[in-house]
Amino acid sequence: MGRVWGIFCILVLLQSLVIVVIGGEELKIWPMPLSVSHGQSKLFVSKSFELKTDGSEFRDASGILKDGFSRLRSVMEAAHVVDGDFSRLGESSILRGIHVVVNSSSEELQYGVDESYKLSVPSPGKNIYALLEAQTVYGALHGLQTFSQLAYFNFKLGVLEVPQAPWTIRDEPRFSFRGLLIDTSRHYLPLPVIKNVIDSMTYSKLNVLHWHIVDTQSFPLEVPSYPKLWEGAYSTSERYTFSDASEIVRYAQRRGINVLAEIDVPGHATSWGVGYPLLWPSKACQEPLDVSSEFTFKVIDGILSDFSKIFKFKFVHLGGDEVDTSCWTLTPRVNKWLKSKGMNGSDAYQYFVLRAQKIALSHGYEVINWEETFNNFGRKLSPKTVVHNWLGGGVAQKVVASGLRCIVSNQDKWYLDHLDATWEGFYMNEPLANITNSKHQKLVLGGEVCMWGENIDGSNIEQTIWPRAAAAAERLWTAYDNLAKNPSKVITRLAHFRCLLNQRGVAAAPLLGQGREAPEEPGSCYAQ
C-alpha cells in the first residue's frame with residue numbers, strides 16, 4: 001500500500017507540473033544554456049522558413065550547415081502537419097528564417113573545437129529573422145538544436161509558434177568531451193541503428209561516439225591490412241566493411257560528433273584469433289593476446305595504420321582493462337619467453353600496454369586507456385595518456401594529481417546497462433568531485449556514459465540510453481552554477497525533453513522507475 005501511495009503522489013506531482021510544461025511558463029531547453037533571457041511576445045514560423053548566411057566566413061562547400069538547417073526543419077515539423085492559414089496572421093509576427101553567421105571558414109572537427117553560439121530571436125516587426133552567431137559551424141549546429149526547442153505546434157492555428165520572444169541565448173559547453181559508448185562486439189548494431197543513435201546524441205549536445213568495436217565475443221570490422229580478422233564476426237552478415245566505418249565517421253562528423261575508435265588490448269580479444277590463431281597463446285588458452293609474439297604487435301600496428309586513414313579524432317582507445325595474465329604464465333612457450341626477459345605476468349602486462357601505446361603514438365594518436373593501466377603502473381604510462389575512469393570514485397583525483405588527463409565514466413553512476421542506475425544518479429554525478437585545484441580540474445576532459453552491449457541490440461538500445469544519457473549530457477554541457485543542486489528541480493524539464501525525443505522518433509523510456517522501464521499504466525507522456 002505504501003508503494004502504491006508513493007507512486008500516486010509522484011503522479012499527482014507530475015500532473016501538476018504538466019500544466020507548467022504545456023502552458024509555456026517555464027524554460028524547457030535541454031541542456032540548460034549558459035544564459036537565457038526572453039520576453040512575452042509570440043512569433044510564428046513561416047511556412048517558407050529559410051536559411052540566410054550573408055556575412056558568414058563559412059562557405060559551406062560540403063553542405064554541413066545546409067544539411068543541419070534541413071534537419072532543423074524536419075524535427076520541428078515532425079510531430080504535426082503544419083497546414084495553418086498564414087494569411088490570418090499579421091506580417092509583423094512571421095519569423096521568416098534564421099540568419100547564421102559563422103566566423104571561421106574551417107569545417108575541421110577535433111577535440112576542443114569552439115562549440116559556443118549566440119542565438120537571438122527578435123520581437124515582432126517587419127521582415128524579421130532569428131540571428132545565430134558562432135565561431136565555428138559546429139557551434140552553429142548546437143544553436144540550431146536549441147532553436148528547435150523554442151518552437152511549439154499551435155493546435156488552434158495549425159502553425160509552429162515561438163512563444164516568449166524576444167529571446168537572447170548565449171551558450172557554450174562546460175566540458176569538451178561529452179561521450180556515449182556503444183558496443184558492437186557483444187551484439188551487432190546495423191548501420192541505421194548507429195546513425196539513429198548519432199542523431200539522438202545531437203539533441204542533447206553529446207559530441208563523442210566511443211565505438212567499442214571489437215571484444216572477446218566478435219570482431220565485426222574489416223581491417224584491410226589483416227583481412228582475416230573479421231572472420232571473428234558472429235556471421236558474415238554481421239560485419240562492417242571499411243567503407244561502413246568511414247561512413248559512420250562521415251555521418252557523425254557532419255553532425256559535430258567525433259568518433260573514438262577502440263580496440264581493447266591485450267585482454268578482451270579472443271575473437272582476434274579466429275582468423276589468426278597465432279594471436280592466441282594457445283588453442284586451449286586464447287586470451288590475452290600473445291605477448292611473446294612479434295606478430296601480435298604487427299597486427300596492432302596494421303590495425304592502427306588502417307584506423308588512421310578514417311578515424312581522424314586525435315584520440316584512440318586501447319582498452320587495457322580486466323587483463324588476466326595467467327594464460328601467459330600457464331602456457332609453456334610464453335612462460336619460457338617471460339623468463340628469458342626476466343618478466344612475471346604483471347611485468348608483461350605493463351610491457352604490452354606501453355608497447356601498444358608507442359605504436360599508437362607513431363600513427364599520430366594520443367592514447368586513452370581504461371583505469372587499470374594507471375592503477376597498476378601509472379607513472380610508466382605515456383604523458384599523452386588519458387585515463388578512462390570506470391571502476392569507481394577517487395581515481396580521477398589521483399590521475400590528475402599525477403599530471404595525466406582523465407575521462408570519467410564511473411560504473412555506479414554512468415553505465416547505462418546498469419538498469420538500477422536512475423536518471424537522478426546520472427544527473428548528479430560530478431566529474432570534478434573533490435578536485436579543487438584549478439590546474440587539476442583542467443585535466444578532466446569530461447565524461448562519458450557507457451552503453452555496454454551484453455543485453456542490448458537494435459531492439460532496445462534507444463530506450464536504454466534515453467533519457468538517462470540526457471541527464472548526464474546536461475551535467476557535461478551546462479555551467480556548474482546553472483546545474484540544479486537537487487534533481488527534483490529538473491524533472492519537469494527532463495520529462496518534457498523525453499517526450500520531445502519521442503516526438504522525434506527516439507524511443508526514450510519513462511523517467512519513473514529503472515532504466516528501460518515501460519509505462520506502468522495509461523497516462524500523459526509528461527507524467528511518466
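Colleague: How many cavities of 30 Å³ or more does the structure hold?

Modeller: Four. This is a predicted model, where local features need pLDDT of at least 70, side-chain atom pairs count only at pLDDT 80 or more, and totals for chains, interfaces and linings use all residues. Residues are numbered from 1 along each chain as its sequence is written, and side-chain values use heavy atoms, with hydrogens and water left out.

Colleague: What makes a space a cavity?

Modeller: On a 1 Å grid over the protein atoms alone, a 1.4 Å probe fits there but cannot get out. The volume is the space filled by probe spheres set on the grid points, which are joined across faces, edges and corners. The largest cavity comes to about 150 Å³.

Colleague: Which residues line the largest cavity?

Modeller: Among them are G68, R71, Y138, H142, T202 and R255. A lining residue has an atom within 4 Å of a point. Two elements give two or more residues each: α2 (64–77) and α3 (137–148). Helix α3 gives the most, with six. Helices here are DSSP runs (H or I, at least four residues), numbered from the N terminus.

Colleague: How do you know how confident the predictor is?

Modeller: By pLDDT, its confidence in each residue, from 0 to 100. The chain averages 94, and 95% of the residues score at least 70. Over residues 1–25, pLDDT stays under 50.

Colleague: Why is the pair C285 and C327 called a disulfide?

Modeller: The rule asks for two cysteine sulfur atoms within 2.5 Å. In C285 and C327 they are 1.9 Å apart, so the pair passes. C285 is in the loop between α6 (272–275) and α7 (294–310), C327 is in helix α8 (residues 326–330), and the two are 42 residues apart.

Colleague: Why is C327 called buried?

Modeller: Buried means under 20% relative accessible area, with a 1.4 Å probe and protein chains only. C327 has 3%, so C327 is buried.

Colleague: What makes C499 and C525 a disulfide?

Modeller: Their sulfur atoms are 2.0 Å apart, so this pair also meets the rule. C499 lies in helix α18 (residues 491–503) and C525 in the segment after α18, so the link ties together parts 26 residues apart in sequence. By this rule the count is two disulfides. In sequence order, the bonded cysteines pair 1-2, 3-4.

Technical notes:
On a 1 Å grid over the protein atoms alone, a cavity is a set of points where a 1.4 Å probe fits but cannot get out, and a pocket is an open set with protein on both sides within 12 Å along at least five of seven lines; lining residues have an atom within 4 Å of a point. Contact means heavy atoms within 4.5 Å. Buried means under 20% relative accessible area, exposed over 50%, partly exposed in between (1.4 Å probe, protein chains only).
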